[in-house]
Amino acid sequence: MRFAAMAQTAKYNTLSIDLRPAVPDDAADLVELVNASGEGLPAIFWRSMAPDGIDPFLVGRQRICRAEGVFSYTKAEVAIVGGGVAGTIIDYALPDLPDAVSLETPALIRPLNELENLASGSWYINILAVAPEWRRRGVGRHLLRAAEYRATVAGRRDLAIVVSDGNFPAQRLYAAMGFVERARRRMFKGDWQNPGQHWRLLTKPIPRD
């Protein structure tokens, strides 16, 4: 059962935030948010899969419109403020056993996969993204609380998320929400311009009654 189906609305400084499951028509908003949250790394990944002359964001939209896979609108929820998409979260349960990281995995994302494997059995937040104009207004916190609710319903022991050590606003938010570092891996950047040096795996225990 999706958290949005409970028809709950949060108030933060008179800001009304509604959550609902994402739909394919949200694809354009979703990929823009995902790329902004990933500081341009998703676009580099999509470009690697795009035929010559094809917009990498088109690849991103096609991928997120799929009904299967972890990067899918079916695993996303959107935050609506003022009738528009203000943020999104993509979260799901990780398998109890890790998958081997293939040598063919692109170097850019290999450390991310390694950290994800360390979080096996957790409720994993793959993406948390808030539009710039709605940041520091409670949208991210509301999306995180929704993920914690889903993790609780699914009987998972903790939440997990990976963040760049150069993303200070996100790290402050996660620390305030009770996340702590469990592991880190050195970044491989290639052509990606980013101030971070490491990916940090953060986890938060799910309270039990």
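Arg-136 is exposed, with a relative accessible area of 76%; exposed here is over 50%, buried is under 20%, and partly exposed is in between, with a 1.4 Å probe and protein chains only. This is a predicted model, where local features need pLDDT of at least 70, side-chain atom pairs count only at pLDDT 80 or more, and totals for chains, interfaces and linings use all residues. Residues are numbered from 1 along each chain as its sequence is written, and side-chain values use heavy atoms, with hydrogens and water left out.

Back to Arg-136. The residue sits in the loop between β5 and α5 (139–153); helices (H or I, at least four residues) and strands (E, at least two) are DSSP runs, numbered from the N terminus. Most residues other than glycine have a negative phi. Glu-39 also has a positive phi, near 50 degrees. That residue is in the loop between α1 and α2 (41–49), and counts as partly exposed because its relative accessibility is 31%.

Next, strand β5 (residues 123–130), which holds Ile-127. Ile-127 counts as buried because its relative accessibility is 11%. Neighbours within four places in sequence aside, Ile-127 is in contact (heavy atoms within 4.5 Å) with Val-34, Thr-88, Ile-89 and Ile-90.

Last, charges. How many salt bridges does the structure hold? There are nine, a salt bridge being a side-chain nitrogen of Lys or Arg within 4 Å of a carboxyl oxygen of Asp or Glu. Arg-150 and Glu-77 form one of them, at 2.4 Å, N to O. This pair links distant parts of the chain, helix α5 and strand β3 (residues 76–81), 73 residues apart. Glu-148 pairs with Lys-204 in a salt bridge, the closest N and O atoms being 2.9 Å apart. Here helix α5 is linked to strand β8 (residues 198–205), with the two residues 56 apart in the chain. Glu-148 and Lys-204 are buried.
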